[in-house]
Each structure stands twice: as structure tokens, then as C-alpha cells.
Amino acid sequence: MAIEENDPFAVSQKLDIQNILQGLLDKRALVRLDVPGHAVSIISTLLELDLKKGFLVLDNASDDTVNSQLLRAPAVRLQGMLDRVLIEFRGHLQPTMQGGKPALSMRWPDQLRRIQRREFFRMDVPTTNPATCLIHDASLPDGKITLPLANISAGGLQLIDRNKILANQPIGAFFDDCMLDMPGIEAQEVSLRLLRHDQLIQEGDKPPLLVVACRFFNLPANRQITIQQYVGVLERAILARRWGTE
């Protein structure tokens with residue numbers, strides 16, 4: 001993982017990195033594994049730190065196809081929250097076994113980023129029970145559009161724009177009249193600021209997906225709490241499946 005020399009969030013001391021990884025392990029923190037620029041990601045947990053060999057062991061996905069995609073990638077990004085601080089680094093995954101079951105391993109990073117300014121953990125939204133965002137804006141072809149969410153945090157979200165309706169919207173554009181519809185949670189009126197357009201490469205012959213990243217703008221505290229409740233629902237569902245309580 002290339003980290004700029006003057007990056008204020010960079011951590012390169014071996015003992016500091018060990019303590020951070022140990023914290024993620026001890027707290028059974030959820031971590032996100034993804035391939036930047038590609039539509040493949042999983043939520044995982046650390047299973048073991050091998051101090052002698054310098055490897056960390058991670059839970060793999062239940063889908064063998066996703067595991068194969070992660071293993072083929074030259075670099076996978078790991079992101080996790082430790083004491084409300086984002087931990088991020090990249091590395092190459094290899095297959096391994098843990099307790100007689102398939103798992104993933106990654107060499108300890110020489111450097112990682114500990115980003116204290118980020119407060120929210122991003123959770124993928126399941127396609128089987130999608131959340132959507134209705135955007136009203138005069139610049140849109142029909143004056144409105146409803147898009148499914150790719151992921152969400154209490155700070156913002158990513159929208160899947162299959163028809164590239166928002167492709168020509170400028171970075172920094174504001175959408176003041178939006179309705180966020182989350183399963184099992186009361187719908188919330190929100191304002192969004194467009195941060196960037198991303199192209200996600202899909203497997204096979206499928207065309208790239210346009211994913212639009214947005215940040216909540218002037219979000220009242222009570223609505224932020226409601227959105228965080230939905231993020232918590234997603235997190236608990238993953239933990240329940242992972243630890244066999246569902």
C-alpha cells in the first residue's frame with residue numbers, strides 16, 4: 001500500500017501495527033475486504049495473528065466465487081473500525097485453513113493508515129433487502145430518480161446508478177430534496193452532496209456499474225441516529241450469520 005511520506009495518518013512502527021491488529025482481533029471487529037474499482041467485497045473478521053510468520057488470518061466468504069475473485073486480485077483493501085477510528089491497509093490474500101475450515105491470510109502490512117477524522121463504518125446493503133434513495137431535482141430527466149444503495153454509513157452513502165442518470169452531475173452538486181428508505185427503519189428526509197463518480201468493474205461480460213458517492217449535508221442529529229440504527233441492523237445481521245445465531 002503506497003502511503004505518502006507526509007501522510008499524518010500513516011503508521012509504520014511494527015509494534016504500533018501489531019497493537020492495532022491485536023485490537024481488531026480482541027474486539028472481534030468487523031472488517032471490510034474489497035478490491036478498489038471492482039464490484040467485489042465482503043465483511044469479515046480477524047481470526048488469528050501469527051506473530052512468528054507475520055501473517056493475519058481472516059474469515060472467508062460463504063460464496064466460493066467471491067473468494068476466488070479476492071484471491072486473484074493483486075491487492076485487497078482492508079478497512080475496519082477500532083475505537084471509532086478507521087484502520088486501512090492493503091495486501092495480497094492467500095488461501096489457508098483455520099480450525100479445519102477454509103480461511104484467508106494476508107501478510108502483516110509494513111504500513112497502515114489510522115484515520116481519526118472518520119467516525120463511521122460503511123456497511124454494504126444487501127440486494128435481497130435493498131434500501132433506496134429517492135432524489136427530487138429539476139435537473140433530472142423526470143425531475144426525480146430512485147436508486148438502490150450500494151453501502152451506507154452515518155456520514156454518507158453510495159448509490160448504484162445503472163442507467164448513469166447522475167453521470168453528468170458535477171462534483172459538489174447538492175440534492176436538497178431526498179428521501180432515504182431503509183427496510184425496517186422509518187424513512188428519512190436527507191440532503192446529499194455529490195462527492196465522486198466511481199466505475200465498478202463487474203465479472204464476465206457485464207458492463208461497468210456507475211456508483212455515485214454522496215455525503216449527507218446538514219443532517220440533523222436525530223436523523224443521523226436513525227441512520228446509524230439501520231447501519232447497526234446490518235451489522236448485527238452479519239454478526240448473527242457469522243456466529244451462528246441466526
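Let's start with Arg 32, which is buried, with a relative accessible area of 6%. Buried here means under 20% relative accessible area, exposed means over 50%, and partly exposed is in between, using a 1.4 Å probe and protein chains only. Before I go on, please keep in mind that this is a predicted model, where local features need pLDDT of at least 70, side-chain atom pairs count only at pLDDT 80 or more, and totals for chains, interfaces and linings use all residues. Residues are numbered from 1 along each chain as its sequence is written, and side-chain values use heavy atoms, with hydrogens and water left out.

Back to our arginine. Arg 32 sits in strand E2. Helices (H or I, at least four residues) and strands (E, at least two) are DSSP runs, numbered from the N terminus. What is Arg 32 in contact with, leaving aside its neighbours within four places in sequence? The list includes Ser 41, Ile 43, Arg 77, Phe 121, Asp 124 and Asn 151. Contact means heavy atoms within 4.5 Å.

One of those partners deserves a second look. Asp 124 forms a salt bridge with Arg 32, and the closest N and O atoms are 2.3 Å apart. A salt bridge is a side-chain nitrogen of Lys or Arg within 4 Å of a carboxyl oxygen of Asp or Glu. Asp 124 lies in strand E10 (residues 123-124) and Arg 32 in strand E2, so this pair ties together parts that are 92 residues apart in sequence. There is also a network of salt bridges here, linking Arg 32, Asp 34, Arg 77 and Asp 124. As a general point, side chains of opposite charge can pair when their charged atoms come close.

How many salt bridges does a search of the whole structure find? It finds five. Among them, Asp 83 and Lys 27 meet through their side chains at 2.4 Å, N to O. Asp 83 is in the loop between E5 and E6, while Lys 27 is in the loop between H1 and E2, so the pair ties together parts that are 56 residues apart in sequence. Are these two buried or exposed? Both Asp 83 and Lys 27 are exposed. Asp 198 also forms a salt bridge, this time with Arg 196, with the closest N and O atoms 3.0 Å apart. Arg 196 is partly exposed, at a relative accessible area of 40%.

Now, let's look at the sheet. Nine strands make an open sheet in the order E1-E9-E6-E5-E2-E3-E4-E8-E7, with antiparallel pairing. Strand E1 (10-11) and E7 stand at the edges with a single partner strand each, so one side of each is left without a neighbour in the sheet. Two strands pair if DSSP finds at least two bridges between them.

Follow E8 with me. Strand E4 (residues 55-59) pairs with E8 (residues 101-107) in the antiparallel sense over five bridges, and Val 57 stands opposite Ser 105 in E8. Strand E7 (residues 93-98) is joined to E8 by six bridges, again antiparallel. Gln 98 has Lys 101 in E8 as its bridge partner. E7 and E8 form a hairpin with two residues between them, and Gly 99 in the turn has a positive phi of about 60°. Elsewhere in the sheet, strand E6 (residues 85-91) and strand E9 (residues 112-115) pair antiparallel over three bridges, with Glu 88 facing Arg 113 in E9 as its bridge partner.

Two helices lie across these strands. Helix H1 (residues 14-26) runs at about 115° to E3, and helix H2 (residues 64-72) runs at about 130° to E7. Axes are lines fitted to C-alpha atoms, for helices over the stretch in contact, and angles run from 0 to 180 degrees between N-to-C directions.

Finally, the cores. A nonpolar core is a set of buried Ala, Val, Leu, Ile, Met, Phe, Trp, Tyr and Cys residues joined through side-chain atoms within 4.5 Å. The largest has 38 residues, and Ile 135, Leu 149, Ile 152, Leu 157 and Leu 180 touch the most other members. Its largest share, five residues, comes from H3. A second, separate core of 31 residues includes Ile 20, Leu 21, Leu 78 and Phe 89. Beyond its neighbours within four places in sequence, Leu 157 has contacts including Leu 149, Leu 192, Val 212 and Phe 216.
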